[in-house]
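Hi,

Here is the structure we talked about, handed over for you to look at. My notes on what turned up in it follow below.

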Amino acid sequence: MEHLHYRFTGGRKTRAAESRIVGVVASGNLEVLIEPAPLQGACTVDIDTAANGFGAVWEAVVADFFSRHPLADVRISINDNGATPAIVALRLDQAVEELAAAVPPEPRA
Amino acid sequence: MIRSYYEATARERIDAILDARSFRELMPPTERVVSPHLQALSLPVAFDDGVVVGRGAIEGREVLIAAQEGGFMGGAVGEVHGAKIVGVLQRAIREHLPVVLLVESGGVRLQEANAGLIAVSEVMRAILAARSAGVPVVAAIGGQYGCFGGMGIAVSCSNAIVMSEEGRLGLSGPEVIETAHGVEEFDSHDRALVWRTVGGKHRYLLGDCMTIVDDEMVEFRGALAASIEAAGPLTLETVEAEHAKLSRRLERFGDATDGEDVWRALGWADPAVVPLADTDVFLTQARLLRAA
């Protein structure tokens, strides 16, 4: 297992108040947990991956993601089980989409 | 919204089975209670340890729910995973709410060894404790990983099981039988044989599941709600009746070597049509034979 950490600044704040999780840690797949967090305007990405030695590829995929979705005060956490870069990029996009659509649950009766 | 139960993830199943926006997750992924055993072995973890638990409503009735994610380690039960299911069952006893288990599991997570074995036995004990406290526990099986090993025993302790034809329920899974006893005993690559032995239709004919439904979320939802309504108490009499039923099954079908033998003995004139029949056609005929 390898742990990778990235931090980006200069993004825009999200209005979402809730976290979302997308994907499953199945073979060749990953889960992405996306949470609003007070990070002084930063967006952080923490990755735990089963495939060691792919730091350069992760950096490229994550930097490309941030250029498409410059977020601020958002923490992204990934558990990866050998997903390909294209799958990772799609899951990250899905996470942002679901975060944007996050509707708070209705109050309890 | 995804319609197929078989193809859905645990979270998609919860969203489709429960009333819209009624789900409140307990121990959500943001709490990051992951498996310490997998971390020690340097294996990937999941933030929910492969099971989603919480409360919600099904057709307006409040329930507690647990859904296993087959995609993560085949839904195998580790220490955290098992404790989450046990927690839901114990909460159900305290709050007197029915429990819905969306099961998909190969059984114990072998990487967690004794902790996993204990976790599964605790799930069984919790199901029986809930039932003896008058809390209905109903289960659904219809995912691609089926329900085997310890979880096969655990769901058999529940009030009722709802299956689809695609669902599989057993103790040792087909690959395990083949590995332990050889391909002559059981060919796990023979899919027709596998479904004749552990598939939904066979389980229904033997009386192991309450009903079978088409692979549609709405069908599972309706059948689960109905089985909560129909759930009876767990008493010495119900246990003895179950034992008597199993003895009769052994007497009647003990010599059968294939599902088809059982179906023929049940009175199905042409057992070869059973796997091909649509669910409604199958159920019409099967209800008569099962009752007889």
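**What I found**

Let's start with helix H5 (residues 149-156) of chain B, which is mostly covered, with 6 of its 8 residues buried. Helices (H or I, at least four residues) and strands (E, at least two) are DSSP runs, numbered from the N terminus. "Buried" is for a residue with 20 or more other C-beta atoms within 10 Å of its own, "exposed" for 12 or fewer, and "partly exposed" for in between, with C-beta atoms placed from the backbone.

Before going on: this is a predicted model, where local features need pLDDT of at least 70 and side-chain atom pairs count only at pLDDT 80 or more, while totals for chains, interfaces and linings use all residues. Residues are numbered from 1 along each chain as its sequence is written, and chains are lettered from A and ligands numbered from 1 in the order in which they are written.

Back to H5(B). Its buried residues are B:Gly149, B:Gly150, B:Met151, B:Gly152, B:Ala154 and B:Val155. Their cover includes strand S4 (99-103), helix H4 (113-132), strand S5 (137-141) and strand S6 (160-164) of chain B; contact here is C-beta atoms, placed from the backbone, within 7 Å. H5(B) lies across S4, S5 and S6 of chain B and runs at about 150° to S4(B). Axes are lines fitted to C-alpha atoms, for helices over the stretch in contact, and angles run from 0 to 180 degrees between N-to-C directions.

H4(B) and H5(B) pack at an angle of about 5°, their axes 9 Å apart. H4(B) brings B:Val120, B:Val123, B:Met124 and B:Ile127 to the contact, and H5(B) brings B:Gly150, B:Met151, B:Ile153 and B:Ala154. By class that makes 7 nonpolar, 1 polar and no charged residues. Ala, Val, Leu, Ile, Met, Phe, Trp, Tyr, Cys and Pro count as nonpolar, Asp, Glu, Lys and Arg as charged, and the others, Gly among them, as polar.

On to the sheet: 7 strands of chain B form an open sheet with mixed pairing, in the order S1-S2-S3-S4-S5-S6-S7. Strands pair if DSSP finds at least two bridges between them. Strand S1 (24-26) and strand S7 (211-213) of chain B are at the edges with a single partner strand each, so one side of each has no neighbour in the sheet. S6(B) and S7(B) pair in the parallel sense over 3 bridges, and B:Ser164 is opposite B:Val213 in S7(B).

S4(B) and S5(B) run parallel, joined by 5 bridges. All of S5(B) is buried, 5 of 5 residues, so it is largely enclosed by the rest of the structure. B:Val137, B:Ala139 and B:Ile141 are on one side, B:Val138 and B:Ala140 on the other.

By contrast, B:His243, in helix H10 (residues 236-253) of chain B, counts as exposed because it has 10 C-beta neighbours inside 10 Å.

Cheers

Notes:
Contact = placed C-beta atoms within 7 Å.
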